[in-house]
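Please open the structure in your viewer and follow the stops below in order.

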Amino acid sequence: MNKKKAIVFDFDGTLIDSLKLEADSMLFAINSFSNAHLTVEELIKHYGPTEKGIIKSLVDDSVFNKAYEAFLKYYQKEAPLYKVPIPIIKTLFNLKNNPDISLFLITGRGKDTLDISLDVNKLSNFFIREYTGSETGVNKDVSMNKLANDFNLNNEDILYIGDTISDINVMNKINVDILSVSYFSSKEYHELLEIKNNGKVVSDICMLETYINYYIK
């Protein structure tokens, strides 16, 4: 295994337990400007695109701008309640101060809400660059290949840290090592992650840095 030169973090479910914030904000906007009356379970079926892409697909074009504005206002108001845990901040701080490591972020969410949450958590200067999602669907493979090209890295030089089965599938497809985290997940989902990424699942948030160090030392 190559010693990693770049550590790339997912955001939701990896750095912050913000899935409820995302869902509540989108449901507020969609249900306020349509007759959908969506539940969380129904909304999840539309996940893949950014929030803007999801909202655009579920409200009329005539009210989209107002719906998206309502979404951002709701998100901005609630975002301070969702903080990155201190052990993760310490891990990021130590990685950022390692001269041999470059820190990046690749997420499927949009730039607008990412910037809000990074600002709320004072993380805006931790990452060399953030790559966000697409309005049309999952694009983490595209983002990862762009990152590698932008910074002259081989995929073998990179470690991705994510929280979903989808993350595992995408990174396996492009030959990027992935460390999965389950400290914000249910026991049942942790077991699914273990099946797909056996021995590379972090269930204890305080052990995240220990697992990462295996790839960089």
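Begin by selecting Asp12, Leu19, Tyr47, Asp163 and Thr164, which lie nearest the centre of the largest pocket among the 33 residues that line it. Please keep in mind that this is a predicted model. The largest pocket has a volume of about 800 Å³.

Next, colour the helices around the pocket. Select α1 (19-32), α2 (40-44), α3 (51-58) and α8 (165-173), the elements that each give two or more residues to the lining of the largest pocket. Which of them provides the largest share of the lining? That share, 4 residues, comes from α1.

Now colour the lining of the largest pocket by residue class: the residues divide into 12 nonpolar, 12 polar and 9 charged.

The tour then moves to a pair of helices. Two packed helices are described by the angle between their axes and the distance between the axes. Select helix α4 (residues 61-78) and helix α6 (residues 111-120), whose axes come within 10 Å and cross at roughly 15°. Angles under 35 degrees count as roughly parallel, and α4 and α6 are therefore roughly parallel to each other. The crossing in which α4 passes α6 is right-handed.

Finally, show the side chains where these two helices meet. On α4, select Tyr68, Phe71, Leu72, Tyr75 and Gln76; on α6, select Asp112, Thr113, Ile116 and Ser117; these residues make the contact. By class, the contact of α4 with α6 has 5 nonpolar, 3 polar and 1 charged residues.

How values were computed. Residues are numbered from 1 along each chain as its sequence is written. This is a predicted model: local features need pLDDT of at least 70, side-chain atom pairs count only at pLDDT 80 or more; totals for chains, interfaces and linings use all residues. Side-chain values use heavy atoms; hydrogens and water are left out. Axes are lines fitted to C-alpha atoms, for helices over the stretch in contact, and angles run from 0 to 180 degrees between N-to-C directions. Angles under 35 degrees count as roughly parallel, over 145 as roughly antiparallel, 65 to 115 as roughly perpendicular and the rest as oblique. A crossing is left-handed if the near helix is turned anticlockwise from the far one by less than a right angle, and right-handed if clockwise. Contact means heavy atoms within 4.5 Å. Ala, Val, Leu, Ile, Met, Phe, Trp, Tyr, Cys and Pro count as nonpolar, Asp, Glu, Lys and Arg as charged, and the others, Gly among them, as polar. On a 1 Å grid over the protein atoms alone, a cavity is a set of points where a 1.4 Å probe fits but cannot get out, and a pocket is an open set with protein on both sides within 12 Å along at least five of seven lines; lining residues have an atom within 4 Å of a point. Grid points are joined across faces, edges and corners, and a volume is the space filled by probe spheres set on the points.
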